[in-house]
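Thank you for making time this morning. I would like to walk you through one model step by step, so please keep the picture in view while I talk.

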Amino acid sequence: MAKSRRRLSTSSSRRRLPAGAAAPRTVVLRAPTRAADLVRAGQLVAFPTETVYGLGALAQDAAAIGRLFRAKGRPSDNPLIVHIADREQLPTVVRRVPAAAAALMAAFWPGPLTLVLPRARAIPDAVTAGLDSVGVRLPNHPVALAFLRAVAAPVAAPSANRSGRPSPTRWQDVLADLDGRIAGVLRGAPSQVGLESTVVDCRGRTPVVLRPGAITLEQLRTVVAGVRPYAPRAGGAARSPGLRHRHYAPNAQVVLVDDLRRVPADATAGGIGRRAPVAPEQFGRIRTCRSVAAYARAVFAFFRACDAAGLRTVYCERVPDVGLGAALMDRLRRAAAR
Ligand code: TXA
Ligand code: MG
């Protein structure tokens, strides 16, 4: 059942509405079936997954996909990932499953792994930005799976943030970005991984990692020995269109550091990492993480909290560039790039 919620914020668009006009309103939902009904009716609904919250629309409904790009302010050349509830839905999304892709699915689905494969006809151009390929993912999250099963059709879902903002790892972050712009948000716990899925292009002879994530290069290689990280050729076109766009960034300037203990105290700065600064109380906000996994889980919400506090700088400690650390470093480097 739809449940009315407290007003968390007053959006400026709401204040500009003419007197007497009904304010657009995003409903916080607890029932996956209710969220599925809205999506089946062509609406946009955010839902939790193990990586980050996604913003779902019927993959086969080009008009709904158009609304999704507008709600996020997403460039139309950045393709969406299609989410499925089970492998029976695959033939409506992809034309062909090469052997390497089948092996990766068997090992890591359901899970934080997106495979780029030849696109099936039923998937409209709007989803794939006109590409002949499509990204597909079977998530490992009970609420996401209940929702996808109830939709009973493939659901296209980018991360449920305004384009360029950090991905949302909590339902409240979805509302902060999209309140009034989408029909609903299906409420769940904070995302356990906190970084977006690993994206692997499986169309060539050897699979290529386009975006590192929680399924690490090391893990992928235990199943398909030849998996390569993506190495852009100088002047070559980006293999994954999303890699061209700026991502994951707070309004504050992100600065990467080796050791938070060596950063001079600054009340207008936040800091996140494995270590604590010498005088944490002299910073605007500090988050010390017990592990790389805890750091990955916390980082996007930390960026949002620093923005909400009006901080100017966010110091982020580097981590070793291996395993999940490679995915975290990828996001940190992008956030720091201006
Ligand atoms: O964990 C995730 O992947 C989350 C949850 C909601 O599943 N979704 C997500 O979607 O992060 P999004 O739209 O924020 O990122 C999708 C990435 C982009 O970098 C996009 O360029 C890439 O996947 N991608 C999608 N389809 C592609 C394709 N056909 N070829 C190459 N890259 C593709
Ligand atoms: Mg995204």
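Let me begin with a term: a disulfide is a pair of cysteine sulfur atoms within 2.5 Å. A search of the whole structure by that rule finds zero disulfides. Cysteine 289, for instance, is in no disulfide, and the nearest cysteine sulfur, that of cysteine 316, is 9.8 Å away. Cysteine 316 is in no disulfide either, the nearest cysteine sulfur being that of cysteine 306, 8.1 Å away. I will call a residue buried if its relative accessible area is under 20%, exposed if over 50%, and partly exposed in between, with a 1.4 Å probe and protein chains only. On that scale cysteine 289 is buried at 4% relative accessibility, and cysteine 316 is buried at 0%.

Before going on, a word on how to read all this. This is a predicted model, in which local features need pLDDT of at least 70 and side-chain atom pairs count only at pLDDT 80 or more, while totals for chains, interfaces and linings use all residues. Residues are numbered from 1 along each chain as its sequence is written, chains are lettered from A and ligands numbered from 1 in the order in which they are written, and side-chain values use heavy atoms, with hydrogens and water left out.

The pLDDT is the predictor's confidence in each residue, from 0 to 100. Its mean over the chain is 91, and 88% of the residues reach 70 or more. Over residues 1–15, however, the pLDDT is below 50, and beyond near neighbours in sequence this stretch has 25 contacts in the model, a contact meaning heavy atoms within 4.5 Å. Where pLDDT is low, the predicted coordinates should not be read in detail.

Now to the sheet. Helices (H or I, at least four residues) and strands (E, at least two) are DSSP runs numbered from the N terminus, and two strands pair if DSSP finds at least two bridges between them. Four strands form an open sheet with parallel pairing, in the order 13-16-14-15. Strand 13 (253–257) and strand 15 (285–288) are the edge strands, each pairing on one side only. Strand 13 pairs with strand 16 (residues 313–317) over five bridges, and there valine 255 has tyrosine 315 of strand 16 as its bridge partner. Helix 9 packs on this sheet, touching strands 13, 14, 15 and 16, and its direction makes about 175° with that of strand 14; such axes are lines fitted to C-alpha atoms, for helices over the stretch in contact, and angles run from 0 to 180 degrees between N-to-C directions. Helix 10 lies across strand 13 and strand 16, at about 130° to strand 13.

How many salt bridges does the structure hold? There are 16, counting a side-chain nitrogen of Lys or Arg within 4 Å of a carboxyl oxygen of Asp or Glu. In one of them, aspartate 307 meets arginine 165, with the closest N and O atoms 3.2 Å apart. Aspartate 307 lies in helix 9 (residues 292–308) and arginine 165 in the loop between strand 8 and helix 7, so the pair ties together parts that are 142 residues apart in sequence. Aspartate 307 is buried at 16% relative accessibility, whereas arginine 165, at 22%, is partly exposed. A network of salt bridges links Arg165, Asp177, Arg304 and Asp307.
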